[in-house]
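Hi,

Here is the structure we talked about. My notes follow below it.

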Amino acid sequence: MKQRGASRAEKVETLIMNQPKHSDPAAPLPKLLLDSALRQADEVLLVGVTSSENGELKAVGSAFSPRQTEELARSLRSVGAKGKALELFRLPAPSDLNVTSVLAVGLGTEEESEDPERIRRAAGIAARALGDVSNIATTLSELDLGATVEGFVLGGYKFDAYKSAAQTEGAKQLRLLVDHPRSAQAKADLAHAQSVVESVCAARDFVNTPPNHLYPDSFAIRVVTFAKALGVAAEVLDEKQLAKGGYGGVVGVGQGSSRPPRLVKLEYRGRKDKNAGVDVALVGKGVTFDTGGISIKPAAGMEHMTSDMGGAAAVAGAIFAAAKLALPLNITATLPMVENMPSSTAQRPGDVITHYGGKTTLVINTDAEGRLILADAIVSACERDPVYLIDVATLTGAQMVALGARTPGVMGTEEFRDRVSEISRSVGEGGWSMPLPEELADDLKSPIADLANVTNHRNGGMLSAALFLKEFVSPDVSWAHLDVAGPAYNTGSAHGYTPKGGTGVPVRTLVAVLEDIVQRG
Ligand code: BES
Ligand code: MN
Ligand code: ZN
């Protein structure tokens, strides 16, 4: 009798079942300690160097004696240091300073050295330069403790979960020198920075996890696992529930893949009042891989489309941070997760889909898939009547054409848009406000459906994508849309505290916006 093998569908299912279900541990984050003095002889000391107008160099550190300060300045001069921003020099330790050696990082003038972004970048490049040094103390923390922690941890971040040889050097230890290490302020600053960097690194890990390991089901499981550990309520809709619930955008984009779509809904309740409503709804694009679908992308660079869930990753990171920081807000996160693949079951150019809530879209280009899944998610998020809605998406190549690879485009209702982009710049993520021109909205009209998913031209591609989303946002909600196609994923080399690969942008913008809402409503 002929052996009957497992059907193709069963084989695929088994393959999927055998994938690891939980987060593969990336390299551990540094251990952070507060102290006021150098007392460990095996450490490398990281110091910031400022330069005055007459070219005088100063190594920043209140723990140095006048003689040590002079000796450091002399060493710096002898190796040609200028104290310019991001300049690095490794020096022997001054006599009777209890360290193995010194890494000096330039900060510019004294005034410039007060800019937290300057300190973040300095700490970031120093962390990378220190490579396998495991014991480090720094006086940068005297200038700005939070910025030092953020820069150092984010700059030294590594993703080596998929290297077969054990590379893990064990966690680094960074001792942060400050005047009053036991003060409530120092402890609070450290705890705050720690929550922020852990959340940014969680988002980076999601983005950096390859698409054969991170697909809708496994992504959903990972996010829910983290959420539950933090006391954030989580619910996952599977493909059957999505179809039944009328999420036509998510179903349409997801139907070409053997890996079915998911919709993750998270809810963090930080308000004491049990009856309080939702303050902020976050929505993130979770395309675990974007081939373009039937409107397939060219091969060159397609591997970067592993980052197309960067919006969902950042939103997950932000709600994790809100929970860690115990922010007094109620926040939801709605994360549609799909793999956009071409196949005989994939949606076609020409299909008309019905979104959650009933609006219809003519799919002209299956590569404009992000807006289709976000439309469902935005309508669903608005059902809870949030005051604010922020969506984050690696939505358009046009974002990079307009603003370059590092500057998020921020669109939405004008006042909130400007508030978000200003806050984004204040944390060093550089968001920039962009308009939503009326005439582009007209170009999204379709003769046979409520909307078309693309215009018939390439002008203002980032803006027309946002205008498509606008059709799904409840009119009374203050809305901001962040297009982070470039900023979420660094395809160039590492710079400042930004490594190659997943950047975690815009987690810190989102956290700062949430904190601003706590402050100002
Ligand atoms: N995921 C892409 C956008 C993208 C491009 C992100 C490059 C990161 C880097 C998105 O789904 C997409 O394909 N957008 C199309 C839209 C077009 C078909 C209107 C694009 O930008 O080409
Ligand atoms: Mn696409
Ligand atoms: Zn995409």
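In Ser 218, a polar atom of the side chain lies 2.7 Å from the backbone oxygen of His 213. A polar atom of the Ser 218 side chain also lies 2.9 Å from the backbone nitrogen of Tyr 215. A polar contact here is a pair of N or O atoms within 3.5 Å; within protein, one must be able to donate a hydrogen and the other to accept it, and residues adjacent in sequence count only if both atoms are side-chain atoms.

This is a predicted model: local features need pLDDT of at least 70, side-chain atom pairs count only at pLDDT 80 or more, and totals for chains, interfaces and linings use all residues. Residues are numbered from 1 along each chain as its sequence is written, chains are lettered from A and ligands numbered from 1 in the order written, and side-chain values use heavy atoms, leaving out hydrogens and water.

Back to Ser 218. It sits in helix α6 (residues 216-229). Helices are DSSP runs of H or I with at least four residues, strands are runs of E with at least two, and both are numbered from the N terminus. Ser 218 counts as buried because its relative accessibility is 1%. Buried means under 20% relative accessible area, exposed over 50%, partly exposed in between (1.4 Å probe, protein chains only).

Next, Leu 190. Helix α5 (residues 184-208) holds it. At 10% relative accessibility, Leu 190 is buried. Beyond its neighbours within four places in sequence, Leu 190 is in contact with Leu 32, Leu 34, Leu 145, Val 149 and Leu 176. Contact means heavy atoms within 4.5 Å. Gly 146 is 44 residues from Leu 190 along the chain, yet their C-alpha atoms are 6.2 Å apart.

Now the annotation. UniProt, in an unreviewed entry, places "active site" at Lys 297 and Arg 371. Such annotations may be inferred rather than shown by experiment. Lys 297 is in the loop between β11 (286-290) and α9 (310-324). Setting aside neighbours within four places in sequence, its contacts include Asp 290, Met 302 and Asp 367. Arg 371 is in helix α10 (residues 370-382). Arg 371 is buried, at 8% relative accessibility.

Last, a helix pair. Helix α12 (residues 414-426) packs on helix α15 (residues 507-520). Among the residues that meet are Phe 416 and Ile 423 in α12, and Val 513 and Ile 517 in α15.

Best wishes

Terms used: Axes fitted to C-alpha atoms, helices over the stretch in contact; angles between N-to-C directions.
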